[in-house]
Amino acid sequence: MRARGLDVAAFDWLDSAAALESDGARAVLARAHVIVGEPSVCAPLLEHCRSLVWLQSTFAGCNQLLQQPRRDFVATRLAGQFGPDMAEYTALHVLGCERRLRSLWESQQRCEWAAGGGYRRLSALTLGVLGLGDIGSCVARTMRRAFQMEVIGCRRREGGGGEAEVARTYSTRELPAFLARCDYIVSVLPSTAATAGLLAGDALAPCAARRPVLLNVGRGDLIPEESILRALEQGWISHYVGDVFASEPLPQSSLLWKHPQVTITPHIAAVTQSSDVAEAFASNMRRFEQGGVAALHHVVDWSSGY
């Protein structure tokens with residue numbers, strides 16, 4: 001914070017235990033106009049935050065804040081930092097699948113020289129990005145510029161455009177046509193009423209012709225586990241890469257753990273960095289001091305859920 005020009009002495013620093021148990025900490029919360037913290041920690045404490053005007057989330061997703069009833073303050077999410085990390089994660093798994101890294105590793109364990117085996121050049125493949133906000137746009141830009149992939153996008157809003165790296169943008173009403181064109185699909189969608197279960201049931205059936213790899217780095221409620229397994233069983237998709245799940249940690253009883261066509265990572269595609277939080281908060285604090293909550297960036301829309 002000090003490196004970003006903020007006076008750290010002006011802050012009260014509370015950990016979750018103190019905030020929950022200490023009368024002194026609750027007194028601090030009661031008089032605070034501005035709070036910076038994790039949504040999961042802050043949400044249960046909002047009843048004590050009687051003077052709250054603005055809450056800066058340290059995460060991109062603010063689901064816990066959305067699940068509590070108060071709407072008399074402005075919440076801002078951590079945005080603009082995670083795109084490069086998500087793009088690296090996407091590139092890692094696209095390259096790993098095309099170059100058969102899992103198969104090569106298994107051959108190495110058997111001391112087999114697995115010569116031969118083809119691969120497709122990424123420049124001949126189409127990547128579909130579900131969600132074209134700042135993260136999705138960064139993923140699209142990186143994969144297009146670095147690997148010359150054709151990139152298409154799908155988003156909730158119809159019309160618009162202007163995504164220079166995206167060959168075509170579909171609305172979610174055109175989801176089947178979007179899915180049918182993809183060799184890889186990466187979802188960076190948030191969890192909202194409109195996105196929960198978007199790929200459930202037979203939604204992935206249009207993928208059958210090209211059997212893409214589906215990567216989910218957005219939110220786990222996009223597609224239930226039974227729908228993932230069905231899509232793999234039916235051959236609609238060839239592989240599933242999951243970084244997020246409806247229940248986290250993913251239960252040991254999940255059939256996804258040992259499925260040969262599934263790759264699981266523990267919600268690490270993009271991890272919050274303290275320097276990013278400090279930078280985002282300092283930038284918004286300058287806006288707040290000059291123009292109040294109306295000047296803040298990345299304000300959470302209570303109605304849309306992000």
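This is a predicted model: local features need pLDDT of at least 70, side-chain atom pairs count only at pLDDT 80 or more; totals for chains, interfaces and linings use all residues.
View 1. Residues are numbered from 1 along each chain as its sequence is written, and side-chain values use heavy atoms, leaving out hydrogens and water. Helices (H or I, at least four residues) and strands (E, at least two) are DSSP runs, numbered from the N terminus; two strands pair if DSSP finds at least two bridges between them. Strand β2 (residues 54-57) pairs with β3 in the parallel sense over three bridges, and L55 has A75 in β3 as its bridge partner.

**View 2. The crossing of helices α5 and α7.** Two packed helices are described by the angle between their axes and the distance between the axes. For α5 (residues 83-98) and α7 (residues 134-147), the axes come within 8 Å and cross at roughly 50 degrees. The two helices are therefore oblique to each other (angles under 35 degrees count as roughly parallel, over 145 as roughly antiparallel, 65 to 115 as roughly perpendicular and the rest as oblique). Their crossing is right-handed, meaning that the near helix is turned clockwise from the far one by less than a right angle. On the α5 side, the contact is made by G83, P84, M86, A87, T90, A91, V94 and L95; α7 contributes I135, C138, V139, T142, M143 and F147.

View 3. Which residues of β8 (residues 213-216) are buried on each side? V213 and L215 are buried on one side, and L214 and N216 on the other, so both faces are covered (buried means under 20% relative accessible area, exposed over 50%, partly exposed in between, with a 1.4 Å probe and protein chains only). In a regular strand the side chains alternate between the two faces of the sheet. Strand β7 (residues 184-187) pairs with β8 in the parallel sense over four bridges, with L215 as the bridge partner of V186. β8 and β9 also pair in the parallel sense, over four bridges, and L214 stands opposite Y240 in β9.

**View 4. Helix α9 and its cover.** In α9 (residues 225-233), the buried residues are S227, I228, L229, A231 and L232. Their cover includes β9 (239-242) and β10 (262-264). After α9 comes G235, with a positive phi near 80 degrees.

View 5. Most residues other than glycine have a negative phi, and most peptide bonds are trans. The peptide bond from E248 to P249 is cis, with omega near -5 degrees; P249 sits in the loop between β9 and β10. H267, in the loop between β10 and α10, has a positive phi near 55 degrees, and its 35% relative accessibility makes H267 partly exposed. H298, in the segment after α10, has a positive phi near 60 degrees.

Technical notes
Axes are lines fitted to C-alpha atoms, for helices over the stretch in contact, and angles run from 0 to 180 degrees between N-to-C directions. Contact means heavy atoms within 4.5 Å.
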